[in-house]
Amino acid sequence: MKPGLRVALLGCGVVGTEVVRLLREQAEDLAARIGAPLEVAGIAVRRPDRPREGVDPELLTTDAHALVTRDDVDIVVEVIGGIEPARTLMLEAMKSGKSVITANKALLAEDGATLFAAAREYGADLYYEASVAGAIPLLRPLRESLVGDHVHRVLGIVNGTTNYVLDQMDTYGAGFNDALEEAQSLGYAEADPTADVEGFDAAAKAAILAQLAFHTPVTAADVHREGITEVSAADVAGAKGMDCVVKLLAICERVPSEDGRNGRGVSVRVYPAMIPRSHPLASVREAYNAVFVEAESAGSLMFYGAGAGGAPTASAILGDLVAVARNVAGGTPGPVEVTYAKLPVLPMGETVTRYYIQLDVTDEAGVLATVAEEFARHGVSIQAVRQVGLGEEAQLVVVTHRAPDAALSATVEGLRGLDIVREVASVMRVEGEE
């Protein structure tokens, strides 16, 4: 067996503690799989006096910079999160000849290009399976297994907190606030759930997925983002009336050019949408994640599993650690991201989608004709329309055919200005087959 490899760990919270536990409990198996033993060289933390079960206090240090540049460290695992000091520490590690493993979706989505460039320049590995969808093996298939294919679309549920909340609203009729409180009590949501419920977490993951799938630079700022805080009981009930369910979706698409070859751009967006209950994503319950990948030759692939939590995330990190350790032991670096395509990220207004629109309308003759005229004025075709209730309780439910989002949005604004429309009670996009 080859000489041991030494690992530096940045951060030792829930995930970091699980990584240390797995390294200790699976030491013999990991050594056999790699061909060399793994040893924790040190753990950088901010508060070394804090008790950490199963962690040797002598390994703890507050000097993260000194740890990542030590000559006896081979691999650095970063689980502190955030932008700084994580970015500086990872760059210093690669500059010092270390390979890096990270779960830092926020940093990868904001400035992944800098990290990838450093990995290329210094011949280091940069692996980050744990940054998207927890334990689900998703990024490596995109990065390696499907690299010879042409990916058209990535569609999925990538945030367990929002999926739990929406599932509670759909299955049990819970209100948004009650469902969110339940998610927090179970540990699925943070005390401040903003990153989850406003879609920031999903948007960061969508940027990483799009960059890998389409070999083009995408950052979180490029992603159209809408959260679930405005999803109401009326939206959920409307979805049920259409035999649909509401899910927060991350959607990454290659938009074809007129010649149908390389594509004229990519669309990357996160928003709540109705999907048919017959769609496999509709059955994804509680805090689970699932992602569809549609490729030219491979067809449709679905990845499903636990998308968050200490143990699932640590599992993904250990998978990366084995792969990187094999590369280090063999003296051969792994794949490095290339963004040769450099396709533009198209604005949301150009995205083609469908709308569900519920209108409170006055009880008078000609209402339907007036509404239909407003749709026609913006070039939006109606797929289905039905009336719910009578008299003062009358509502119109309209589902459109696919159209540019800008035209659909303009239609909604036009409807709000009609005298016969008392209120636009619900607006939601509809994904899936027409």
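Where in the structure is Met-302 found? I looked and found Met-302 in strand β12, residues 299-306. Helices (H or I, at least four residues) and strands (E, at least two) are DSSP runs, numbered from the N terminus.

**Ground rules**

I am working with a predicted model, where local features need pLDDT of at least 70, side-chain atom pairs count only at pLDDT 80 or more, and totals for chains, interfaces and linings use all residues. Residues are numbered from 1 along each chain as its sequence is written, and side-chain values use heavy atoms, with hydrogens and water left out.

**Surface patch**

I stayed with Met-302. Its relative accessibility is 36%, so I log Met-302 as partly exposed. My scale: buried is under 20% relative accessible area, exposed is over 50%, and partly exposed is in between (1.4 Å probe, protein chains only). Met-302 forms a nonpolar surface patch with Tyr-288 and Tyr-304. Together they have about 300 Å² of accessible area. Patch members have over 30% relative accessible area and no salt bridge; like charges are joined within 9 Å, nonpolar side chains (Val, Leu, Ile, Met, Phe, Trp, Tyr) within 5 Å. The areas come from the Shrake-Rupley method with a 1.4 Å probe; for residues, only the protein chains shown count as cover.

**Annotated positions**

Which residue does UniProt list for "active site"? In an unreviewed entry, UniProt gives Lys-205. UniProt positions follow the numbering used here, feature names are shortened, and annotations may be inferred rather than shown by experiment. I found Lys-205 in helix α10, residues 200-214. Is Lys-205 buried or exposed? Lys-205 counts as buried, at 7% relative accessibility. I then listed its contacts (heavy atoms within 4.5 Å). Leaving aside neighbours within four places in sequence, Lys-205 is in contact with Lys-105, Ser-131, Val-132, Ala-133, Val-158 and Asn-159.

UniProt also lists Glu-190, for "binding site", again in an unreviewed entry. Glu-190 sits in the loop between α8 (176-185) and α9 (194-197). With a relative accessible area of 56%, Glu-190 is exposed.

**Salt bridges**

I used this rule: a side-chain nitrogen of Lys or Arg within 4 Å of a carboxyl oxygen of Asp or Glu. How many salt bridges does the rule give? The count comes to 24.

I checked Glu-25 and Arg-21 and found a salt bridge, 2.8 Å from N to O. Both lie in helix α1 (residues 14-25), 4 residues apart, about one turn of the helix. Glu-25 is exposed at 51% relative accessibility, and Arg-21 is partly exposed at 28%.

Next came Arg-140 and Asp-320, which meet at 2.3 Å, N to O. This pair links distant parts of the chain, 180 residues apart: Arg-140 is in helix α6 (residues 139-145) and Asp-320 in helix α12 (residues 310-330). Asp-320 is buried, with a relative accessible area of 1%. Arg-140 is partly exposed, with 26%.

Then I looked at Glu-337 and Arg-143, a salt bridge of 2.6 Å, N to O. Glu-337 lies in the loop between α12 and β13 (352-361) and Arg-143 in helix α6, so the pair ties together parts 194 residues apart in sequence. Glu-337 and Arg-143 are both buried. I also noted one network, in which salt bridges that share partners join Arg-153, Glu-253, Arg-269, Glu-294 and Glu-431.

I turned to Asp-235, in helix α11. Asp-235 is buried yet has no salt bridge. The nearest side chain of opposite charge, Arg-416, is 9.8 Å away. For charge, Lys and Arg count as positive and Asp and Glu as negative; His and the chain ends are not counted. What does Asp-235 touch, not counting residues up to four places away in sequence? I listed Glu-230, Val-246, Met-274, Ser-426, Val-427 and Met-428.

**Backbone checks**

Most residues other than glycine have a negative phi, and most peptide bonds are trans. I therefore flagged what departs from that. Glu-84 and Pro-85 are joined by a cis peptide bond, omega about 10°. Pro-85 is in the loop between β4 (75-78) and α4 (86-95). Asp-243 has a positive phi of about 60°; I placed Asp-243 in the loop between α11 (233-241) and β9 (244-255). Glu-286 has a positive phi too, near 50°. Its loop runs between β10 (265-276) and β11 (288-295). Glu-286 is partly exposed, at 36% relative accessible area.
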